[in-house]
Amino acid sequence: MTKPPLDILLCAPRGFCAGVVRAIDAVEKALAIHGAPVYVRHEIVHNKYVVENLKRKGAVFVKELDEVPDTQAPVIFSAHGVAKSVPEAAQARNLFAVDATCPLVTKVHREAQVHFKRGRHIILIGHAGHPEVVGTMGQLPEGAVTLVETVDDIARLQPADPDNLAFVTQTTLSVDDTQDMVDALKGRFPAIVGPHKEDICYATTNRQGAVKRVAPQVDAMIVVGSPNSSNSQRLREVAEREGCPVVRLILRADDIDWSLYGNIRSLGITAGASAPEILVEEIIDAFAARYEVNVESVSTADESVFFPLPRELREQAAE
């Protein structure tokens, strides 16, 4: 039987960002230097495939530090960042802690700390319970940061000193939604102080930009990523908002619901910042088994960002 034709538009950039590469490299370098086990607090990045692969190499993932035995093995903090209490607890136990927090998340932490020192109350735009939000709020004393998730939350704000506010944002949000919220904040509190450079990271912005280009051109869109990945969920939402009729977030080719794609002639594919390219290739291969595929890359930005390994591992590697 002749296979039906299918044009696949591959979004570029897609997949791993510099912060994710750094975090995964940190675990692999620690394993190379120290051997197994290496302990990792929380998922190093939000991708099940990546986590399971690192487990096979000897990484042990824990929810909290109290699950780590007294050990000389490295204990790595995830790319999402942690509250100040976490490295303090590690130091109290003389654990060898390695902080793999993305430098762009660390930038937000520092912004919040500067605003606090200057006496400002901080509004954090983000999603409650996300590890990055927990880590950012945990940089400062309780009550110093107020989290808002929606424009309605902003309308309900009653700060003690409306003329002495600052805002920061989670790095993996929807660019458009966040702009709406920033506009709402500035509308209510004209004196509010924002970041010198926006907090939403370059990778989130670039991947959403590529989806905006591709989604209106295709019959269906697949976002490769884990359900607990914030930036992957935002890519799905962007594709839906741009009018693509069928949008699904999936981890692997096995998760494809083929009933959705019977009559399509064009398919867009992107990947969240924590999704490896091998999973994109796996999904393309799955479609190639059923369709005569023509793959074209649609590029909207060039990325050349690189972050060095955490200092603790750089020093050991040098030795």
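This tour visits a group of annotated residues and then the cysteines of the structure.

The model is predicted, so local features need pLDDT of at least 70, side-chain atom pairs count only at pLDDT 80 or more, and totals for chains, interfaces and linings use all residues. Residues are numbered from 1 along each chain as its sequence is written, and side-chain values use heavy atoms, with hydrogens and water left out.

**The annotated residues**

Select His-46, His-80, His-130, Ser-229, Ser-230, Asn-231 and Ser-274, which an unreviewed UniProt entry lists under "binding site"; such annotations may be inferred rather than shown by experiment. The lining of the largest cavity includes these residues. A cavity is a set of points, on a 1 Å grid over the protein atoms alone, where a 1.4 Å probe fits but cannot get out; lining residues have an atom within 4 Å of a point.

Next, select Ser-229, in the loop between strand E9 (220–224) and helix H9 (230–241). Helices (at least four residues) and strands (at least two) are DSSP runs, numbered from the N terminus. Ser-229 counts as buried because its relative accessibility is 1%; buried means under 20% relative accessible area with a 1.4 Å probe, protein chains only.

Move on to Asn-231, in helix H9. Asn-231 is also buried, at 12% relative accessibility.

**The cysteines**

Now select Cys-17, which is buried at 10% relative accessibility. The whole structure holds 0 disulfides, a disulfide being a pair of cysteine sulfur atoms within 2.5 Å. For Cys-17, the nearest cysteine sulfur is that of Cys-201, 5.8 Å away.

Finally, select Cys-102, buried at 11% relative accessibility.

Technical notes: On a 1 Å grid over the protein atoms alone, a cavity is a set of points where a 1.4 Å probe fits but cannot get out, and a pocket is an open set with protein on both sides within 12 Å along at least five of seven lines; lining residues have an atom within 4 Å of a point. Buried means under 20% relative accessible area, exposed over 50%, partly exposed in between (1.4 Å probe, protein chains only).
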